[in-house]
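Please look over the sequence and the structure shown here before reading on.

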Amino acid sequence: MADKSITVALAGNPNSGKSTIFSNLTGSRQKIGNWPGVTVEKKEGHLSAYGYDLTIVDLPGTYSLTAYTVEEIVARNFILDEQPDVVVDVIDASNLERNLYLATQLRELDTKVVFVLNMADMIEQRGLKIDGEKLSELLDVPVIFTVGNANKGTQKLLSAIVSIAETGSKVPPVRRVHYGKDVEQCIDEVAQIIDEEMPDRPYTDVRWVAIKLLEDDKVIKDRLKHIDDSVAEVVLEAVAARRERLRGLFDDEPEIVMTDYRYGFVAGVVKEVVKTISEHRADMSRRMDEGLTNRLLGIPVFVFFIWAMFQITFTVGAYPMDWIEVGVGWLSGQVSRLLPSGIFEGLIVDGIIAGVGSVAVFFPNILILFFCIAIFEDTGYMARAAFLMDKVMHLIGLHGKSFIPMLMGFGCNVPAIMATRTLESHKDRVLTILINPLMSCSARLPVYILLAGAFFGAKAGNVIFSVYFLGIVLAILMGRLFRSTLLRGEVAPFVMELPPYRVPMLRSLLIHMWDRAKVFLKKMGGVILIGSVVVWVLSSYPKTVTYSVDYEARIDQLRSRYALLMKRVSGTPREVLQQERDKRIAALEARKASETVEKSYMGRIGKGLAPVLEPIGIDWRGTVAVLSGFVAKEIVVSTMGVLYAVGGDEQKKTTALKSALRKSGMTPLSAYAMMAFILIYVPCLATVAVIRRETNSWKWAFFSMGYSTALAWVVAFVIFQGGQLLGFG
Amino acid sequence: MKLSELRQGQRATVVRVGGNGAFRRRLLEMGFLRGTDIYVEKYAPLRDPIELILKGYHVSLRVEEAAHVEIENPRIGGRP
């Protein structure tokens, strides 16, 4: 009791209700981060009880403690390296046999363990009875029954944690798996060699190291080599000989044989502690699946749920979106009034408020979308969605669970990429993230509407649909390409548990939603802020432009001429004159704005890059628009508005812009090539930032930017040049 | 006989799991052991993957993956 603090690690199978136990223990005082070096979520919480400060660390949910998945390695390394005072194993009591498999592995580690038999209320419903005392006696661990969803048993668990932490010595693992005579002999031999060869190894438990080595555990092998290469060689050679011997005896890999023994041990325990008291089972979940994964109804119902999710996201989300838009407008109005007009005001209003505001409007949509996703996850429907769609996704070399993120991409790629966290395999995640921007997000739609509307008239709808379709086809092709090159390796096996449906708890839904939304706010806010400032600087500097025409003088001239003319008349003719004057002034101002952008750094870069985009039918104005689209795709439209010098209110502007585009020398073919380019090229700033965060590497973020732009150019080139050869345009 | 040859509503006993190391290990850890009873609950609407019941829980497996699981004594019924 020297430092009065206890570190507790929560381990357990996925779907065992571990995160519910975690929030029951810690309440809302939790910290979400990533485990170092990997993108596995790390949750940590604190509480005080019985005079101790407890730190609760939620380990990733795993079925086992082998070293096959990142989650397993993370969970195991934490127990080995950080040596938590107590490990709590959360066990789904209604699924005891499979859950005890992990428990036996935890018992093999040199650590204090408490078993939590969660979802105790389900035991009786399934017609079973579990003898907790017997289990505790057989495995020599404290056993606590809890009902996570009803917050039952939390206090008992806390006192069990504290009391086991207080008993100074580690509980000797007397009851453990016995691997049979031959394997045990090998374990003893290897343990002895390790003991002799490596007296100052970091692990005290030689038996465990010997078991892991006999199982050919990569992580442990590497660690031994890291400590002392030459000694490790001796040990590993001895291990290899034993593995060979076991292979000969059992006609199978030693790790398989040992898994068999563990399950045999578990089966023995289950036989002793579980009694079937009734054959009658209420299996609501199974009955629900008769409809929800039904051969005929399953997919239509799934499509309906997805449709409902988007409807709610965009219709309900539209209201707060409007409020935020109004709020941003009001704010920039107030700021412009307060600040003296000049560079500083421009930076704040046009740079920061406009830039951050353009992303902030998506916040309500993102909240709602994540709330829906949390419902899918917490009820257990997400696993069914993956079950239904796996066949389709497997064609691209992806897992069924990738379907939801891909679909969300049509709304906005930022939450879509964040939703890839539900994927367990790192390669699947990276692949899903890389092809996600090919799902045409809603910000790109205004650009298509403008271009298709200007050049394809009544056929615009079909043309826009074909652009979306092009994105899907490219996603399939690129998915297959990446899977067979960069992210080679088998698709993660689809060994996926379909857990029973559960009624979600509102609190946990809100926590899930907020955890992700918070990330969006924080990280996007930072990157968007910087990006908006950079684009603003590039497009509004240098300030000292020598215009081809002295616009101010021309405007003054117009004013005084019209003033004279208007003096002579009154009534309607006077109003007509006034309107004529305003129109001519607006035209001059628009031309001035256009020239300002043309001569800004952004314009110069655009002109410099124009030769690169010329072969795909995009002129320097299109180039500047495309560049500005890096901040947010919808900005392409407003930039073109400025460059083609159209003025007037929104409605007239669009019509004017369309006719200006038609006069500019663009053809339907070059418009289509540009749409394809906009679809594919570099993801917007917020997406790049989220790719960087979710892959935990700048490498993938830059790769995504590079490959998409190169692909965009090639596709647009084929469309434009190919189309010209075929005589279109 | 392969697990992938079973039809909905059939039950069988596991003989052996094949395939590569990691896949095999995962399946064994999930309880696909020799002598374990497996019940085919249903096929997904697109005929792939399969939903199975073993050791009292539901798990899904792709058809090509189920082909690595050797089974014996296929029989009808005994809906768990």
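Leaving aside residues up to four places away in sequence, Ala610(A) touches Asp619(A), Trp620(A) and Thr623(A), where two residues are in contact if their C-beta atoms, placed from the backbone, lie within 7 Å. This is a predicted model, in which local features need pLDDT of at least 70 and side-chain atom pairs count only at pLDDT 80 or more, while totals for chains, interfaces and linings use all residues. Residues are numbered from 1 along each chain as its sequence is written, and chains are lettered from A and ligands numbered from 1 in the order in which they are written.

Ala610(A) is partly exposed, because 16 other C-beta atoms lie within 10 Å; a residue is called buried if 20 or more other C-beta atoms lie within 10 Å of its own, exposed if 12 or fewer, and partly exposed in between, with C-beta atoms placed from the backbone. Ala610(A) and Ala701(A) are 91 residues apart in sequence, and their C-alpha atoms are 25 Å apart in space.

## The helix that holds Ala610

Ala610(A) lies in helix α25 of chain A, and helices here are DSSP runs of H or I with at least four residues, strands being runs of E with at least two, both numbered from the N terminus. Helix α25(A) covers residues 601-613, and its 13 residues should span 18 Å at 1.5 Å a residue, which agrees with the 18 Å between its end C-alpha atoms; the expected span is 1.5 Å times one less than the number of residues. A kink of about 30° lies at Lys607(A), shortly before the proline Pro611(A), the bend at a residue being the angle between axes fitted to the seven residues ending there and the seven starting there. The buried residues in α25(A) include Met602(A), Gly603(A), Gly606(A) and Leu613(A).

Helix α15 of chain A, residues 363-379, has 17 residues and reaches 24 Å from its first C-alpha to its last, close to the 24 Å expected at 1.5 Å a residue. Among its buried residues are Ile366(A), Leu369(A), Phe370(A), Ile373(A) and Phe376(A). After α15(A) comes Gly380(A), whose phi is positive, near 100°.

His226(A) lies in helix α9, residues 218-227 of chain A, and His226(A) is exposed, because 9 other C-beta atoms lie within 10 Å. His226(A) and Ala458(A) are 232 residues apart in sequence and 69 Å apart in space, from C-alpha to C-alpha.

## A covered strand and its partners

Strand β6 of chain A, residues 113-118, is mostly covered, with six of its six residues buried. Val113(A), Phe115(A) and Leu117(A) point one way from β6(A), whereas Val114(A), Val116(A) and Asn118(A) point the other way.

Strand β5 of chain A, residues 86-92, runs parallel to β6(A) and is joined to β6(A) by six bridges; two strands are said to pair if DSSP finds at least two bridges between them. Asp92(A) stands opposite Asn118(A) in β6(A). From β5(A) the chain crosses through helix α3, residues 96-108, to β6(A), in a β-α-β crossover that is right-handed, meaning that, with the strands pointing away from the viewer, the path from the first strand over the helix to the second runs clockwise. β6(A) also pairs in the parallel sense, over three bridges, with strand β8 of chain A, residues 143-145, where Phe115(A) stands opposite Val143(A).

## Where the two chains meet

In the contact between the chains, 27 residues of chain B meet 27 residues of chain A. The largest share of the side of chain B that touches chain A, eight residues, comes from α1(B).

Strand β10 of chain A, residues 496-497, pairs with β4(B) in the antiparallel sense over two bridges. In β4(B), Val59(B) is the bridge partner of Glu497(A), and Ser60(B) is the bridge partner of Met496(A). Six strands form an open sheet with antiparallel pairing, in the order β10(A)-β4(B)-β3(B)-β2(B)-β1(B)-β5(B). β10(A) and β5(B) stand at the edges, each with a single partner strand, so one side of each is left without a neighbour in the sheet.

## Chain A as a whole

Chain A has 31 helices and 10 strands, and its C-alpha trace spans about 110 × 55 × 55 Å along its principal axes. Of the 729 residues in chain A, 41% are buried.
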